[in-house]
2 protein chains.
Amino acid sequence: MRPSAAHAIDPPQTRPEMSANLSDTQAPDDSRIQRQIRRMGERARSAARTMAAAEPGDKNAALFAIAEALIDRRDTILAANAKDLREGRDNLDAALLERLELTGARIEQMAEGLRQVAALADPIGSITDLNYRPSGIQVGRMRVPLGVIGIIYESRPNVTADAAALCLKSGNAALLRGGSEAALSNQAIAACIRRGLTDAGLPGDAVQVIETTDRAAVGAMLAMPEYVDVIVPRGGKGLIEFVSENARMPVIKHLDGVCHVYIDAAADLDKAIAIAMNAKTHRFGTCNTMETLLVAEPIAERVLRPLAQNLRQAGIELRGCERTRRLVGEEVKPATEDDWAAEYLAPILAIRVVDDMAAAMAHIETWGSRHTDAIVTENVTAARAFLRGVDSSSVMVNASTRFADGFEYGLGAEIGISTDKLHARGPVGLEGLTSLKYVVYGDGHVR
Amino acid sequence: MRPSAAHAIDPPQTRPEMSANLSDTQAPDDSRIQRQIRRMGERARSAARTMAAAEPGDKNAALFAIAEALIDRRDTILAANAKDLREGRDNLDAALLERLELTGARIEQMAEGLRQVAALADPIGSITDLNYRPSGIQVGRMRVPLGVIGIIYESRPNVTADAAALCLKSGNAALLRGGSEAALSNQAIAACIRRGLTDAGLPGDAVQVIETTDRAAVGAMLAMPEYVDVIVPRGGKGLIEFVSENARMPVIKHLDGVCHVYIDAAADLDKAIAIAMNAKTHRFGTCNTMETLLVAEPIAERVLRPLAQNLRQAGIELRGCERTRRLVGEEVKPATEDDWAAEYLAPILAIRVVDDMAAAMAHIETWGSRHTDAIVTENVTAARAFLRGVDSSSVMVNASTRFADGFEYGLGAEIGISTDKLHARGPVGLEGLTSLKYVVYGDGHVR
């Protein structure tokens, strides 16, 4: 599961088309960076060809070798990270420093993540649905890599290893651009990745980490669709919007997680309270955390009185509609439309009492972000209608929204949670980094 | 199968961002059209909600009712078409007029196409891969509509009915913008579609045909991602490039079809000749027609002498590499790099003798358009390597490239052939107009 990034690298200041149009007036540094990023792109494209044809055994050997290199070079990585932390001490807040920090245990986790990806089934080359057609030809579909994946991410250096692992296993090459605050940590990890790849006989350029911290590098990446097939931005809203607007290739993006739990009139009270508590309090800063609770009027009193008490004991600030405040008390702050729209990422919960499921679904459609929404109900007809009718990447019955996660869904790992509709939707694992081509077998068949 | 469009509507002259920025200086007409298209978008969005929840039976009833309306109003449609043809007589060439022309038989074909789409399995709401996870939750995926599909197409008025049928069956709403030369024909067909929809109790706005022939309408469509979820351009390269550059929503696009047949050293001679003849001569103007023939050197003489004779008898102009000309004769024109890159859409074939399969694959990678490429071989190892290694939306063994087609692949119908890698690749049928969301069942499960 990708933590929502309140802190993220800012988008570069110049739009790439502008730099392209104004090439003779722009700073010499920018065009130097453009050339450098283009050369990396060329090398990535070339490495992608080799990776697409690589044997599963070689890809797994590389994953294990990278894991080993991370452990071997643990002290080097920690020293680089210590420098990043020292640099950041003055201008980064505590949460960002916490994310940036590596420890021996975190390095071991990265290594373990690589080994887990190695253990996943290799998706590449598998042929499905190969059927005979009336003409006599056989038609099926083969899973193939996308090519070169560009990933732009924020402070956590473990993303470097996680993203590399998924791209490598799915037969792609990767061009990674981490946050400048983690530059030295990322380079130390990148050296391990390169060593692991070459130890396994695969091209070291299959995973390249952009070293320059100049923001022009992001613009340069977005402007070269001939070398980058898809961009995955993992960061704050500003970055994602900048990438979506400027990328000249498709983007797999994740916007807000304004997730709802709707407690239906036919809900089991214990399940409702347990799910609402878990969805709100398990973690505050994650995109699958519940931000608004909707409760059907007939059950509202029985649910809200005990639940509000539990939530307050857990330190959650409550903001409610008028009916909520009448039931729970004046200490619930009045909620405004801003609350219905908010992704708090904090110990705050908006609560609204609704007439029925139709009203809950209308609220979710108006205010939700199509990420993850859940209904708590014992009524099979309500469950069926909610599952079908709510247009979100994950829709749940009697389960906490916190389950919206690549590991929980069995994808093995994830590169992000897509709130797009096309291509990948919801947690994006190996499959989201691949596509299907048609394969046809004949025996001299003609039309 | 989508015919390649040498003739297509031109892209509008103003870029939509520009119009948006210059709203106070632009012509009053443009902003009127923008408002009009936005209102259509709002209605489409609203209709899409109803369509997403529509029962399969109602959608099928609408398809049959539209088919009936087309037959009932046959004379009205033919009269409208006659007017379009009269208008076009002076400024359209013969091929374009031929495409524009409707006949009783073509109207019957449209109606039959609608009935065939009705007979396809309804994709919407189907849940697949519903499995228990270690946590106890069940996770699966439900197929859902994309929402509002925008389609921009050229002269053939039957696309109006075909595209409407696919969008309707897949639970989407459609906003259609046909070529101005077919405006009256499209409106007559649109009236039948609206009648069929309302007869079946579905919203008439589920399929709207933009009536204005003003080019600003295209810019307006591309600028409203809040109302249009995906754009499918079906037209010439200029239109598709314009749409790709300017659309603020994802695009399912089809660029060139520079398709190859590679005749391997281990090919069966009869199959090779039959496939090459069919791939080139079955139809010239279609995107899955072979444009370049590659022949392995060891078999080149045996293949090319009889094949060149057959091709010339069929009226095909040959352009070859030096080795081809030595084998076949000086009457083969010398091929240049322009020929390797050409999508002729005409009775012309480029021929190149290559050393081996690796050279053929390198040629395809350098010059192909990743549409459809075929190998003719009896060697299973060569077939396996070609299928895996060629990065095209369709890769074939011992079959004519002409099979790359939604009907031939069993999709029932197609809205185009995608040369993109993300989302839909190859012929795009109902599935390409849908996406998958995750569904989760629990019994009070929390993390």
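The points below comment on the sheets, the helices packed on them and the relation between the chains in this predicted model.

1. Sheet of chain A. Chain A contains an open sheet of four strands, ordered β5-β4-β3-β6, and the pairing is parallel. The edge positions are taken by β5 (207-209) and β6 (230-234) of chain A; each has a single partner strand, so one side of each is left without a neighbour in the sheet. From one strand to the next, the twist averages 15°.

2. Pairing of β3 and β4 in chain A. Strand β3 (residues 148-153) of chain A runs parallel to strand β4 (residues 173-177) of chain A, and five bridges join the two. Within this part of the sheet, I152(A) stands opposite R177(A) in β4(A).

3. Helices on the sheet of chain A. Helix α7 (residues 158-169) of chain A packs on the sheet and touches β3, β4, β5 and β6 of chain A. The direction of α7 makes about 160° with that of β3(A). Helix α8 (residues 183-199) of chain A also packs on the sheet, where its contacts are with β3 and β5 of chain A. For α8, the angle of about 160° is taken with the direction of β5(A).

4. Sheet of chain B. In chain B, four strands form an open sheet in the order β5-β4-β3-β6, with parallel pairing. Strands β5 (207-209) and β6 (230-234) of chain B stand at the edges; since each has a single partner strand, one side of each is left without a neighbour in the sheet. The twist here averages 15° from one strand to the next. Three bridges pair strand β4 (residues 173-177) of chain B with β5(B) in the parallel sense, and L175(B) stands opposite Q208(B) in β5(B).

5. Helices on the sheet of chain B. Helix α8 (residues 183-199) of chain B packs on the sheet, touching β3 (148-153) and β5 of chain B. Its direction makes about 160° with that of β5(B). Helix α10 (residues 237-246) of chain B lies across β3 and β6 of chain B and runs at about 165° to β6(B).

6. Relation between the chains. Chain A is superposed on chain B by a rotation of 180° with 0.0 Å of shift along its axis, at an RMSD of 0.1 Å. The two copies are therefore related as by a two-fold rotation axis. In chain A, the C-alpha nearest the axis belongs to H423(A) and lies 1.9 Å from it.

7. Interface. Of the interface residues of chain A, 100% are also interface residues in chain B, so the copies meet through the same surface.

Notes:
Residues numbered from 1 in each chain as written. Chains lettered and ligands numbered in written order. Predicted model: local features only at pLDDT ≥ 70, side-chain atom pairs only at ≥ 80, totals over all residues. Heavy atoms only, no water. Pairing = 2+ DSSP bridges. Axes fitted to C-alpha atoms, helices over the stretch in contact; angles between N-to-C directions. Contact = heavy atoms within 4.5 Å. Least-squares fit on C-alpha atoms with pLDDT ≥ 70 in both.
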